[in-house]
Amino acid sequence: PPGSRSSGHVDVEPEIPTVCAVSENYPNPFNPTSTVAYELPVTTPVELQLYDLKGGLVMDHNAGIKPPGKYTFVLDASSLASGLYTCVFSLGDVLITRKIVLIK
């Protein structure tokens, strides 16, 4: 009825991203961990690869198949030397690269 108030819980659907996206890692430069946020619009296999300046693969992390949503990944580079690295996110058919700096 008009004027009456209902008390109750309203379910809000979580927002589904519309495109694959990877934010800049934070902090950058970092020592020894840094966090990267990424978004998936559809169920997608996720893999992260880290390359040194010579193009050598120094880390390969397969995160498995993820449903649509927003995620964070904590990069632990404690076993790596200081330097500039290229981080490649493989989100299904989408490749996104980021430059990261490790300072020890």
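**Exercises on side-chain contacts**

The count comes to 2 aromatic pairs, where rings of Phe, Tyr and Trp (its six-membered ring) pair if their centres lie within 6.5 Å, and planes under 30 degrees apart count as stacked, over 60 as edge-to-face and the rest as tilted. The model is predicted: local features need pLDDT of at least 70, side-chain atom pairs count only at pLDDT 80 or more, and totals for chains, interfaces and linings use all residues. Residues are numbered from 1 along each chain as its sequence is written, and side-chain values use heavy atoms, with hydrogens and water left out.

**Exercise 1.** Classify the pair formed by the rings of Tyr-38 and Tyr-71.

*Solution.* The ring centres of Tyr-38 and Tyr-71 are 5.4 Å apart and their planes meet at 20°, so the pair is stacked. Tyr-38 belongs to strand E2 (residues 33-40) and Tyr-71 to strand E5 (residues 69-76), so the pair ties together parts 33 residues apart in sequence; strands are DSSP runs (E, at least two residues), numbered from the N terminus.

**Exercise 2.** Describe the aromatic pair of Tyr-38 and Phe-89.

*Solution.* This pair is tilted, with 5.9 Å centre to centre and 40° between the planes. Tyr-38 in strand E2 and Phe-89 in strand E6 (residues 83-91) are 51 residues apart. Both Tyr-38 and Phe-89 are buried (under 20% relative accessible area, 1.4 Å probe, protein chains only). Tyr-38, Tyr-71 and Phe-89 form one aromatic cluster.

**Exercise 3.** Locate the salt bridge found in a search of the whole structure.

*Solution.* Glu-24 forms a salt bridge with Arg-98, their closest N and O atoms being 3.4 Å apart; the criterion is a side-chain nitrogen of Lys or Arg within 4 Å of a carboxyl oxygen of Asp or Glu. Glu-24 lies in the loop between strand E1 (21-22) and E2, and Arg-98 in strand E7 (residues 94-102), 74 residues apart.

Conventions. Helices (H or I, at least four residues) and strands (E, at least two) are DSSP runs, numbered from the N terminus. Buried means under 20% relative accessible area, exposed over 50%, partly exposed in between (1.4 Å probe, protein chains only).
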